[in-house]
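Visitor: Please take me through one part of this model at close range. I would like to look at the cavities and what lines them.

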Amino acid sequence: MQVPFVDLKLQYRNLRTDLMKTMDDVCSGARFILGPELQEFEKNFARFIGANHAIGVSTGTDAIMMALKAVGVNPGDEVISVANTFIATILAISSGNAKPVLVDCDPLYYNIDPEKIEAAITKKTKAIVPVHLYGQPADMGPIMDIAKRHQLKVVEDACQSHGAQYHGKTAGTFGEAGCFSFFPGKNLGGYGDGGGVVTNDPLVAEAIRMFRNYGQKVKYHHLTKGWNFRLDNLQAAILDVKLKHLSQWSASRNAAAQKYSRQLKELGDRVVTPAEMPHATHVYHLYIIRIKERDALQQYLKEKGVETGIHYPIPIHLSPAYADLGYKKGAFPVTERNADEVLSLPIFPEITDDQIAYVVESIKEFYKGR
Ligand SMILES: *Cc1c(COP(=O)(O)O)cnc(C)c1O
């Protein structure tokens with residue numbers, strides 16, 4: 001059996017008729033930039049997330065970069081985020097010439113450890129960027145308390161967590177702004193790059209709309225230095241078709257994860273399955289296990305036709321790109337442990353019970369000889 005890591009071809013086949021129609025509509029009308037389909041998607045995505053405004057932008061990285069600028073982070077300011085994330089979170093901070101200050105993740109849920117945040121705050125700290133990693137919300141209660149106490153802005157990286165909830169509130173709606181990626185492989189993905197910012201603050205929304213469109217509100221009236229960071233109208237039309245399925249897809253991802261966790265239990269503590277935070281809904285962008293024999297297991301699964309991933313093999317603070325931050329090996333032990341031990345198993349809404357059973361059987365076979 002072959003088990004792909006994700007199966008976007010299958011998803012396309014299932015939605016082909018609707019997608020072909022919307023793509024043909026957009027192209028027939030030559031509505032490529034800032035068209036009505038974008039407005040419609042923004043309205044529907046804002047409603048889905050439960051925010052007053054959604055603004056479609058070029059990528060998740062650009063979403064975070066612009067959101068930080070919109071909430072008043074300036075060059076030289078410090079922004080606290082988590083060492084255990086995709087590097088794009090941190091690239092977005094440094095792109096605006098702010099200084100990323102990293103803290104470790106917690107050992108159970110792998111999101112930013114609220115207990116480590118206050119020690120990282122200095123006079124220069126302006127904002128916190130919590131990441132809702134793998135589809136599980138960060139512990140936003142204590143994070144928002146800390147932000148309030150120290151008058152810090154909060155920009156959420158929800159690029160892996162479309163629709164995840166924490167105490168009944170959707171990830172991306174706790175801080176001043178929430179940022180999403182619509183990269184093809186994300187839980188809601190287009191057919192190319194894309195991103196979005198959600199906010200309840202009309203001024204933040206207005207700023208993002210200006211920033212994404214050359215710094216103008218009215219054509220050729222440039223009020224600030226912006227970028228060309230728009231979401232293509234064609235991508236918005238595609239995303240709007242897919243958005244209608246997102247709740248169902250999240251439920252399917254969650255159901256698949258429960259099956260993995262139940263079946264992997266037999267292996268005891270050799271395989272650490274994901275811990276779910278109480279009062280939270282995990283949308284399982286990734287299904288992460290932790291094992292000591294990670295590289296050998298990954299190789300074994302590859303030979304069995306099971307595609308897996310590692311998210312992420314080299315922590316940001318040990319990457320050459322961020323040598324300038326001056327962190328040494330040992331600075332963030334939980335993140336470093338995870339880099340050595342995590343393995344992402346195939347998960348996507350259409351994964352079958354047979355595929356899940358085959359992956360689990362293959363893992364059990366791997367351990368039989370050990
Ligand atoms: C994908 C991702 C991003 C960046 O999104 P792009 O659309 O690829 O720029 C940022 N943060 C996290 C956690 C991501 O997974």
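Guide: A word on classes before we start. Ala, Val, Leu, Ile, Met, Phe, Trp, Tyr, Cys and Pro count as nonpolar, Asp, Glu, Lys and Arg as charged, and the others, Gly among them, as polar. Note too that this is a predicted model.

The structure holds 3 cavities of 30 Å³ or more. Take the largest cavity. Its volume is about 110 Å³. It is lined by 15 residues, and the closest to its centre are Leu8, Gln11, Lys186, Arg253 and Pro349. Two helices, H1 (8–28) and H8 (246–264), each supply at least two residues of this lining.

Now the second largest cavity. Its volume is about 80 Å³. Its lining divides into 9 nonpolar residues, 2 polar and no charged. Among the lining residues are Leu108, Tyr109, Tyr110, Leu133, Tyr134 and Gln136. Pro274, Ala275, His282, Leu286 and Ile288 also line this cavity.

Stay with Tyr110 and Tyr134. Both are buried. The structure has 16 aromatic pairs. For Tyr110 and Tyr134, the ring centres are 6.4 Å apart and the planes lie at 85°, so this pair is edge-to-face. The pair links distant parts of the chain, 24 residues apart. Tyr110 is in the loop between strand E3 (99–103) and strand E4 (125–128). Tyr134 is in the loop between E4 and helix H5 (140–149).

Notes
Residues numbered from 1 in each chain as written. Predicted model: local features only at pLDDT ≥ 70, side-chain atom pairs only at ≥ 80, totals over all residues. Heavy atoms only, no water. 1 Å grid on protein atoms, 1.4 Å probe; cavity = no way out; pocket = protein on both sides within 12 Å on 5 of 7 lines; lining within 4 Å. Points joined across faces, edges and corners; volume = space filled by probe spheres on them. Helix = DSSP H or I, 4+ residues; strand = E, 2+ residues; numbered from the N terminus. Phe/Tyr/Trp six-rings, centres within 6.5 Å; stacked < 30°, edge-to-face > 60°. Buried < 20%, exposed > 50% of the residue type's maximum accessible area, 1.4 Å probe, protein only.
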